[in-house]
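Me: I would like to go through this model step by step, with each reply ending on the value or name I ask for.

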Amino acid sequence: MAGEAGRLRAALRGWALVSPTALYAVAMLAIPLGTVLVVSFLTDGRTAGGLRTVLPVATLANYIEVWTNDIYRFLMLRSLAVSMSVTLVTVVLAYPVAYYVSFHVAPNKKALWLFLITIPFWTSYIVRVFLWKVILGFNGVVNSGLLSLGIIDAPLQAINYSVQAMVMTLAHAYAPFAILPIFVALEKIDRSLLEAGQDLGESRFMTFLRVTLPLSMPGVVAAVLIVFIPTVGDYVTPDLIGGGKIPMIANAIEVQMLKLNSKALGSALAVSAMLIVASVTIVFLLLNRRFLGGGR
Amino acid sequence: MKARGLYSYTLAYLLFLYAPIALLPLFAFNDSVVIAFPLSGFTTSWFEAMWNDRAMWKALRNSLIVSGSTAILATVLGLFAARASTRHAFPGKTGIMGLIMLPLVLPEMIVAMSLLVALLAIGIDLSLWTVILGHVLLCTPFAVAILTSAFQSLDRSLEEAALDLGETPVSTFRLVILPLVAPGIVASLLICFTVSLDEFIVAYFLAGTEPLLSVYIYGQFRFPSNVPAVLALGTVLVAVSVLLLAVAEYFRRRGIARTGGTAGGGFV
Amino acid sequence: MTDTPMIDLSDVQKYYGDYHALRGITATIRPAEFFSLLGPSGCGKTTLLRTIAGFEEISSGLIRIDGRDMAGVPANRRPTNMVFQSYAIFPHLTVAENVGFGLRRLGLDAAEKTRRIGEALEMVGLAGYGGRAAHALSGGQRQRVALARALILKPKVLLLDEPLSALDKKMREQMQVELIKLQRQVGITFILVTHDQEEALVMSDRIAVMFEGEIAQLADPETLYRRPTSRRVAEFIGVMNFLPATIVSEGAGRATLEVQGLGRCEVDVPAGGAAANGGTTVGMRPETLTILYDGQAPTDRSADGTVDEVVYYGDMTYYDVRLDGTDRPVRISMRNVFGRPVLNIKARVRVGWSPGALVLFR
């Protein structure tokens with residue numbers, strides 16, 4: 001009885017303290033997301049004066065449009081494909097770096113290495129994307145460099161305005177996002193487990209495969225999600241690197257929402273995209289359940 | 001043997017990470033409108049052009065206002081959440097903290113669009129304030145992460161000791177907690193400022209008529225002759241970001257050293 | 001010792017949600033007493049200490065300090081001060097600033113503050129350390145700073161939460177002696193929480209042994225050791241040998257027993273009886289048994305047995321001897337007196353014992 005009152009008071013204290021931030025998140029994130037959800041079931045139309053607006057008429061038409069129109073399906077698939085390629089490339093390339101810093105760098109230097117690795121991330125995204133455009137462009141740095149060195153005779157086409165270029169740009173941008181979670185997971189591994197593995201007769205490589213890799217999977221899973229989810233919705237890279245010719249789903253959302261002012265359709269598009277991303281994520285997590293154990 | 005292979009790989013990786021950024025100063029000082037090899041000679045004219053661009057200064061002023069406000073607001077919100085998360089247990093804590101940290105893993109487009117839809121539905125006009133609202137949402141998770149780490153390395157019995165010796169909760173905060181968390185607060189302010197300064201999508205979609213720096217840069221891409229000047233601006237921006245980050249890291253380390261710990265793996 | 005208790009605990013109960021952490025603690029602690037709360041992890045001893053300090057609220061019951069009811073009195077207003085397990089030295093302050101932290105509210109002038117700080121530092125053996133940065137101290141030095149910081153405020157009760165557990169063995173033993181001296185010098189009540197029974201025996205005037213939120217026995221060290229009231233207390237403090245026994249007859253505070261391996265004898269039955277778990281047992285400490293060498297004066301009673309195991313410690317040897325007619329050995333501790341040989345395994349021995357040293361557990 002006194003225990004109950006004590007617990008309630010402790011809970012109130014906690015809630016009171018977290019409330020400013022929590023309420024802000026609710027007001028700026030939860031409610032707007034809810035609004036988008038609601039709007040997605042309404043209808044785009046015009047006011048009496050002819051302005052585009054959202055009419056309070058409930059309908060499933062937006063979703064039908066999104067799921068049946070080939071364009072959107074194509075865009076979504078392309079976004080997923082690009083995103084998955086980026087994730088694969090980024091995470092696979094990041095793992096050895098994380099491993100190196102965790103296992104082969106002196107403890108008091110680790111923070112320095114991580115700092116150096118994350119600096120590029122902190123610089124302006126728009127500047128970095130533009131730099132890649134400049135590097136991979138038709139008359140860009142790579143082409144002009146290779147031309148002047150005599151390695152090629154004509155500028156490479158494939159690196160400009162292509163999916164490969166987009167993948168490269170995104171992989172570069174999200175590299176640190178992948179390194180950090182893997183690093184954290186590797187740091188948590190008790191080094192004596194590895195020694196035990198070798199003591200029991202395994203080679204160093206096999207110990208890595210059988211002990212280190214499985215134990216670091218929670219970090220790998222986190223890295224995958226941290227790269228995959230935001231890149232599906234990337235807008236700038238398809239716009240600049242793709243030259244507007246290789247749009248992804250985010251560009252389509254922008255077109256609907258702003259250029260065409262079809263907020264309802266745009267909302268349906270956004271919600272559908274989020275659902276698909278969430279499903280892929282859940283499937284991925286389920287497939288990796290074995291590695292995640294009690295954590296995450 | 002394995003270490004050397006990994007070392008070379010890691011160096012190559014770092015090279016790849018830094019390559020684009022290394023090109024910035026290279027072509028910002030290059031005397032050519034076209035960004036290509038071979039180089040044409042040294043010039044500072046692009047920096048002059050950038051310096052004389054009034055539109056750029058206007059955008060910079062707006063960005064400073066937005067990023068400064070964002071840094072302060074996000075850090076304050078971060079303080080509340082970090083304190084609640086590390087010192088109190090309450091029902092629904094995981095869900096609430098999850099919601100607060102969610103912007104870290106959502107595509108920025110979704111965050112920007114949802115906020116846009118909601119704001120327009122209420123009838124609020126877009127302006128610098130709406131950008132600040134969006135940026136605070138995006139930066140608060142960073143502040144929470146940094147400040148949570150700061151609070152966690154703060155021994156709880158230090159606060160109890162202060163109480164035991166006769167202080168009130170308020171004076172305990174002033175005399176014990178604040179001094180020990182101050183480096184984390186400084187780091188949070190700097191990081192949030194940097195994140196906001198570099199952010200593009202929310203700045204693009206939620207600003208009204210007043211452009212921000214990242215949006216201004218985006219707009220300049222349309223004019224090929226302006227490109228080198230943009231690179232000059234980019235060089236300055238990168239240099240400033242790196243400087244701010246180095247300072248933030250210094251403060252973070254100093255904070256940990258003061259409490260007698262050892263600097264581990266960064267903000268993680 | 002005066003009659004009025006310094007701390008009066010009356011049926012103190014504490015719940016954490018459904019978990020019953022303190023189940024009706026009733027005890028009194030005297031002024032200028034060195035009192036210990038002893039028990040395994042999770043027994044509630046630290047919880048009890050924190051309720052006395054005021055960091056935890058009790059669910060029901062009464063806590064009185066120096067006659068004053070502490071209900072509703074927050075930690076910063078109680079006449080107690082605490083030495084925390086982690087010492088809780090403020091890392092951003094110097095040693096002097098740490099020690100003088102609690103003086104701020106007293107409104108003393110600077111000269112008086114400096115004087116008191118100097119006094120306190122001298123009392124704990126850290127004279128001259130005032131200017132040192134707090135985060136550069138060793139474990140033992142931090143502990144002294146914590147002590148000085150608490151004692152400078154002249155509390156009525158000093159609470160110590162496992163203060164020695166973070167120190168290495170040599171440091172610990174040194175600090176034990178210093179704490180005893182300090183307590184006598186300052187002359188106030190010390191309440192020490194520890195899981196180390198040796199530590200409690202060495203330092204305390206009285207000990208409360210706690211298991212699972214309750215006080216199992218509260219007594220001075222010698223009584224706890226010689227006359228434990230339960231098998232659990234007996235096993236927690238030091239080593240105890242147990243032999244099965246049957247009660248032949250009983251009356252007027254005495255009982256006649258048939259003890260396996262030892263034979264028939266008469267023992268005291270403590271008032272209220274000693275509780276046991278599982279049958280009647282008789283307990284005896286290793287030093288109350290002795291191996292009779294040739295030419296040694298005979299003891300009260302003796303029994304024959306075989307040496308099962310020999311453990312040599314340098315100044316002592318511990319023998320596990322299986323008495324005839326028993327199935328498990330008893331441990332006997334023998335001082336290695338000069339000239340007396342250490343016995344081998346399988347040696348036949350005669351063991352001397354006395355009925356007065358036996359403790360009956362029902």
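Me: In the hairpin of strand 4 of chain C and strand 5 of chain C, which residue takes a positive phi?

Reply: Bear in mind that this is a predicted model, with local features needing pLDDT of at least 70. Strand 4 of chain C and strand 5 (residues 68–69) of chain C run antiparallel and are joined by two bridges, with C:Arg64 having C:Asp69 as its bridge partner in strand 5. Two residues lie between the strands of this hairpin, and the one with a positive phi, near 55°, is C:Asp66.

Me: What is the bridge partner of C:Gln13 in strand 4 of chain C?

Reply: Strand 4, which covers residues 60–65 of chain C, pairs with strand 1 (residues 7–16) of chain C in the antiparallel sense, over five bridges. Within strand 4 of chain C, the residue that bridges to C:Gln13 is C:Ser60.

Me: Which strands are the edge strands of the five-stranded open sheet in chain C?

Reply: The sheet has the order 15-19-16-17-18 in chain C, with antiparallel pairing. Inside that order, strand 16 (residues 301–312) of chain C is joined to strand 17 (residues 316–323) of chain C by seven bridges, and C:Val307 has C:Val321 as its bridge partner in strand 17. The strands that pair on one side only are strand 15 (290–291) and strand 18 (330–335) of chain C.

Me: How far apart are the C-alpha centres of domain 1 of chain C and domain 2 of chain C?

Reply: The domain assignment divides chain C into domain 1, spanning 7–226, and domain 2, spanning 239–361. The separation between the C-alpha centres of these two domains of chain C is 39 Å.

Me: Why does B:Ile146 count as buried, and how many C-beta neighbours does it have inside 10 Å?

Reply: B:Ile146 is found in helix 6 (residues 128–152) of chain B, and its C-alpha atom is separated by 6.4 Å from that of B:Gly184, 38 residues apart along the chain. A residue is buried if 20 or more other C-beta atoms lie within 10 Å of its own. B:Ile146 therefore counts as buried, since its number of C-beta neighbours inside 10 Å is 26.

Me: Among contacts in chain B between residues at least 6 apart in sequence, what percentage join residues at least 24 apart?

Reply: Chain B has eleven helices and zero strands, and its C-alpha trace spans about 70 × 65 × 35 Å along the principal axes. Of the 268 residues in chain B, 49% are buried. For contacts in chain B between residues at least 6 apart in sequence, the share joining residues at least 24 apart is 79%.

Me: By class, how many charged residues are on the side of chain A that touches chain B?

Reply: The contact takes 75 residues from chain A and 66 residues from chain B. On the side of chain A, helix 1 (residues 2–40) gives the most, with 21 residues. This side of chain A has 55 nonpolar and 14 polar residues, and its count of charged residues is six.

Terms used:
Residues numbered from 1 in each chain as written. Chains lettered and ligands numbered in written order. Predicted model: local features only at pLDDT ≥ 70, side-chain atom pairs only at ≥ 80, totals over all residues. Pairing = 2+ DSSP bridges. Helix = DSSP H or I, 4+ residues; strand = E, 2+ residues; numbered from the N terminus. Buried ≥ 20, exposed ≤ 12 C-beta atoms within 10 Å, placed from the backbone. Contact = placed C-beta atoms within 7 Å. Domains from an automatic or database assignment. Nonpolar A, V, L, I, M, F, W, Y, C, P; charged D, E, K, R; others polar.
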